[in-house]
Protein chains: 2
Amino acid sequence: MKRIAESTVRRLSIYLRFLEESENRGLATISSQELARRGGTTSAQVRKDLSFFGSFGKRGLGYSVPELSASLRDILGLRRTWNVIIVGAGKIGTALAQYRGFRQRGFIVSAVYDRDPRKIGTVWESLTVRDVAGIEKDIDAAAPDIAVLAVPGEEAQGIANRLVKAGVKAILSFAPTQIHTPADVTVRSVNMAMELEGLSFALTSRDRNGAEDGLDSASR
Amino acid sequence: MKRIAESTVRRLSIYLRFLEESENRGLATISSQELARRGGTTSAQVRKDLSFFGSFGKRGLGYSVPELSASLRDILGLRRTWNVIIVGAGKIGTALAQYRGFRQRGFIVSAVYDRDPRKIGTVWESLTVRDVAGIEKDIDAAAPDIAVLAVPGEEAQGIANRLVKAGVKAILSFAPTQIHTPADVTVRSVNMAMELEGLSFALTSRDRNGAEDGLDSASR
């Protein structure tokens, strides 16, 4: 399989959400135009995105809603559950630990870690915050699939190094700094300030060039 | 100016962070290769990203660190402050209200809103949670630049409609559903479950194809 761009995977997630909504509304088929509109893209891009993974749909008939959503769940790895740990029991970490959208998609948060003695032992929903000092032993025993990094920027790389050394292959980082990992570890970063910079850029471009320019509102 | 892709703007933010680090370390110049490595891209892409905005750097000499970082701050609209409001005083909303990284970049959170009477009137740092019922009047008076949407999925579109009608032109949404706005309103979405799906996709691809494939760890 070709290396797939992150933007493609992001669109697959958006298509899947729209297909599931359509399924709930009882629709049997959907056109690439409708998927495109929802994903903020073109129908050519929809066909290209899906072509990486096989042959879907019939010319003139569109896509079967249940078939394509099953395929996308398969492609995105959503037919199974994933064991997720969260490092950092601050506001973001605990918000994520309690986020219902994760469990609905099969992402099961199994542990939350912190280094602050005042937080260790406290209970969030059904999870007791554990001491990050023991994380290597826990990873060895429970083999979590994904680690969410919600620690301050200056601690992020150090914790990432420990996670990688202990065998974690996928990290979602909320740290405001970029973390570096070996090529076989996948990292996704959510940087809140960078998201706002995308908006300040768009507002500034608008002021410079008139309201027609700037970022496409449907670009994501 | 050409319409700029969101991925380009995201890389500009990453380059700026690296330039500022370099500035703090006292470096005078930097090559496109170094910027590329930091942005997880190629030096050709760095040159293309910057070429949208003018002519920077000298062949063989690289870029002047202070000049390029000043230009990027200018391009990204970071030479001024931005008035930000947050709708939804749940865990994510209050985490964002207290996030220091915003203020450092000039994003000043001026108000937090909720509709829950138990939350209205409570104080987060120096902000008192206000009743969302009065948000139109407040927007009219204070003209916030950016609204952060941290409400449940089923409320997101309704709140977005109210914000847009009141004149907000930029929205950062944490709702798990996609929101629709007129073309002159810029929306960025952070969907936590979708971020994890990027990782489950990468882990699944790896299992299917061996560890060489899957997402490029430096793709963002």
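Modeller: A residue is called buried if 20 or more other C-beta atoms lie within 10 Å of its own, exposed if 12 or fewer, and partly exposed in between, with C-beta atoms placed from the backbone. This is a predicted model, where local features need pLDDT of at least 70, side-chain atom pairs count only at pLDDT 80 or more, and totals for chains, interfaces and linings use all residues. Residues are numbered from 1 along each chain as its sequence is written, and chains are lettered from A and ligands numbered from 1 in the order in which they are written.

Biologist: Which residues of α8(A) are exposed?

Modeller: Helices are DSSP runs of H or I with at least four residues, and strands are runs of E with at least two, numbered from the N terminus. In α8(A), A:Ala156, A:Ile159, A:Ala160 and A:Leu163 are buried. Seen down the helix axis, these buried residues fall within an arc of 110° (taken from the directions from the axis to the C-beta atoms), so they line one face. On the other side of α8(A), the exposed residues are A:Glu154, A:Gly158 and A:Lys165.

Biologist: Which strands do the buried residues of α8(A) pack against?

Modeller: Two residues are in contact if their C-beta atoms, placed from the backbone, lie within 7 Å. The strands of chain A that the buried residues of α8(A) pack against are β3 (82-87), β7 (146-149) and β8 (170-173).

Biologist: Which element gives the largest share of the side of chain B that touches chain A?

Modeller: The contact takes 65 residues from chain B and 65 residues from chain A. On the chain B side, the largest share is 15 residues, and this comes from α9(B).
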